[in-house]
Amino acid sequence: MTICKQLSPSRLARVALASLVFILMFTALAAAETSVDNQAREILAAAGVKGGLVAHIGCGDGKLTAALHAKESFVVHGLDRDAEDVQGARQYIQAKGLYGKVSVEQWRGDKLPYADDLVNLLVVENPDEIAREEVMRVLAPRGAACIREGGGWSTKVKPWPDEIGEWAHFLHGPDGNCVVQDSRIGVPRRVRWSAGPRWATHHNRVPNVSSMVSANGRVFYILNEEPPGAMGLPGQWYLYCRDAFNGVVLWRRALENWGWQAWADSPVTTYHNIGGRFNQPNYLARTLVASDDRLFVTLGFDAPVTALDADSGEVVTVYEKTRGADEILYKDGKLIVAVHTRKLAERKAAARHKLKSGNDAKPAMKRLIAVETATGEVLWKSDKYIGVNANRKFLAVHRHLNPVVGDGRVFALTQGFLVALDLETGRELWKAQRPAAKEHKTRYDLNANDMATLVYHDGVLLFAQLEPLKRLGWKETNASISAFAVRDGEQIWSRLCASWGWGTEPDLFVADGLAWVWGRGSSPLLGLNPQTGEVVRKKADFKTFDINHHHRCYRNKATSRYLLTSWRGAALIPWGEGEASYNHWWFRAACRHGFLMANGLIYNSPNPCICYVDAKMGGFNALASESSDATRQKRLKNGERLERGAAYGAVQTQPGAEKAGDWPAYRHDMYRSGCTSEEVSSELTTAWRTHLAGEPTPAIVGGDKVFVGVSERFSIVALDVRDGRKVWEFTAGARVDTPPALHHGLILFGCADGYVYCLRASDGELVWRFLAAPAREVPFPGLIACKPLEPVARIQI
């Protein structure tokens, strides 16, 4: 039985008043949240930014900072001068479960801690704190600054600089010339951004990266995320879109029917069951092309071309008439697509029959199709052609035409002929005999004689082909170059030359008005008049190749200023005056694909090479040349690098505090022994389990605590060793990807913001942090300093 006690009128009034106050406070808080959300939507709409890095200067309580994380394609970084505001903002963002995707740190000085051309949206609360030049410095091209003025916001957009270029096709553009008009790209000195995976699969397997292009401030690539230590597993292929200037993932989508299972019968070639990096069609990288607002791609091997919205990755149009596509060009609203005329299953059956019987009665045929991208209308289809084939054995069923576009024509390489078609109608204009080349089969099931390069330039079609006298070695390979008049296909001139890329089409570049090829023997790099073949300029940079090793197995690329070769790692040879810069074995790119150069940056990709592994950069990296003196962050003196925390001078080190059974560092000790003197029972049970809201690093143990980093939350967490209860959590300035170390009652770790941190182990209070990077400059959200630090896991006194 429940007995209800009647409240007195005065008490009833107090309860009602308290309820009313609570309702009003809740309503006010909800209204404030709604107001902040609306304000964030207005800012994003005014800026026109759909994703990338957002920096909020003067972030205060962090509410607007958090609201600017409108979707997963945004990474938000807040700065504030007030330490208490920073702490409060961090607590607010952590309570919303957003920390990592949104982060806040204290800001000092008059320079923003960002690399040049990094930020997509800069939200400035107080314009008096930042000079306009500083705002424009950190903005990425086509990025926007929203600046609070009076009761509203003014917006400024940074224009696209004339001196940087895009790389929209595998061979840069539809003309086939691997040269980007980009004068900012130079000798790499700084990391703009980095991303995983750090390691690629074994080089006896299909390369992880199939293609990589860039347009309108975005980088697109096809990547296999299969575990690198595994061999023979089904691939995990994805199409990625990242911001080109800061590397933020804008979107990704899975690819089906991609990898060796789609185009081959084995994960390796028949050459001694190795050479898996050559176990893919030679044209594979040509299945990805970008424009300002569209990405054209086959979302599966032998699939039709699909147009994706470049902002979101959503399907816009599927061009069904292009099924069997494997080479794509884009020119002025038209797609030129090379397609196989027989289905993949039929071609594979024919390959098996040929390998068994030696009879190739039905060679694979191809044709070119022109499509209007806006409507999907097929404008024309060419006749059928037998394409060339740089692959042998099973992959011989996948032929290619090497199409290029120029002067209102489409040019293609067929078996025995060069062909020119009218771009508007597809009518065949002429057919010219291909220069003779002796069949040359080489290791890894390659046909060297069908490795050829087509480039259109100023009324001339340039054609280069390999002509090896013996099996391909690790140095130069004989080749030849010929020129044809595009009006009628007449051969104008030809000459002997060479090439360096192993197992790739020969180098041929048009830069500074000259056609560049390698001379044979001891001859230097030759700059030829494209109209006559006459040698106009020579570059004798033999030091580039006069070092131990061999050329990489991918194409060389070039800019308007440099040829980027890939001998030991990379070397930059200027077209004009100056010496080559060649001591760059510390970065390489994915097998068979090579580097991407655009947006003032050199992009490399995960590769499986083990050479120079102690110095070589892994993963995806965007590399910039040195900043100008006007924009370079000041390099601090040692006295300026140390920041003292609240526990500085209030903590005493405790020699001998660690117990014999502790595990105070990664793999136990500075020798990485992985051993302990403690006895461990062979019968193990789970004592406790704790959720850390992120992927933990390997743990260390000291005294009564377990210490672990949580990279997504930028934090170090201390847990009670007995029950897993969280004792304390410290938030650093950026990702903490690897374990801390325990030494005499202190926790030490390196952080991606460039600092070494020292915490009091008992309560996580900051003792000090030391800027070990050259300067406090954030080139990548996540947030990685210009020289991120590995953890202080080895302590030697």
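Helix α6 (residues 344-357) buries L344, R347, K348 and A351, where buried means under 20% relative accessible area, exposed over 50% and partly exposed in between, with a 1.4 Å probe and protein chains only. These residues cover an arc of only 100 degrees around the axis, which puts them on the same side of α6; the arc is that of the directions from the helix axis to the C-beta atoms. The model is a predicted one: local features need pLDDT of at least 70, side-chain atom pairs count only at pLDDT 80 or more, and totals for chains, interfaces and linings use all residues. Residues are numbered from 1 along each chain as its sequence is written, and side-chain values use heavy atoms, with hydrogens and water left out.

**More on helix α6**
- Helices (H or I, at least four residues) and strands (E, at least two) are DSSP runs, numbered from the N terminus.
- The cover over the buried residues of α6 includes α5 (260-263) and β18 (334-340), with contact meaning heavy atoms within 4.5 Å.
- On the face turned away from the buried side, α6 carries the exposed residues A345 and K356.
- The 14 residues of α6 should span 20 Å at 1.5 Å a residue, and the end C-alpha atoms are 20 Å apart, which agrees; the expected span is 1.5 Å times one less than the number of residues.
- Just after α6, G358 takes a positive phi of about 80 degrees.

**Helix α3 (residues 83-95)**
- Here the buried residues are V86, A89, R90, Y92 and I93.
- They cover an arc of only 165 degrees around the axis, so they lie on the same side of α3.
- Exposed residues E84 and A95 sit on the face of α3 turned away from its buried side.
- D82 caps the N-terminal end of α3, with a side-chain oxygen 2.9 Å from the backbone nitrogen of E84.
- After α3 comes G97, whose phi is positive, near 75 degrees.

**An open sheet**
- Five strands form an open sheet in the order β42-β50-β49-β48-β47, with antiparallel pairing; two strands pair if DSSP finds at least two bridges between them.
- Its edge strands, β42 (642-644) and β47 (741-743), each pair on one side only.
- β47 pairs with β48 (residues 746-750) in the antiparallel sense over 3 bridges, and A741 stands opposite L748 in β48.

**Residue T298**
- T298 belongs to strand β14 (residues 294-298) and is buried, with a relative accessible area of 1%.
- Not counting residues up to four places away in sequence, T298 touches L255, W258, T287, A303, P304, V305, A325 and I328.

Notes: A polar contact is a pair of N or O atoms within 3.5 Å; within protein, one must be able to donate a hydrogen and the other to accept it, and residues adjacent in sequence count only if both atoms are side-chain atoms.
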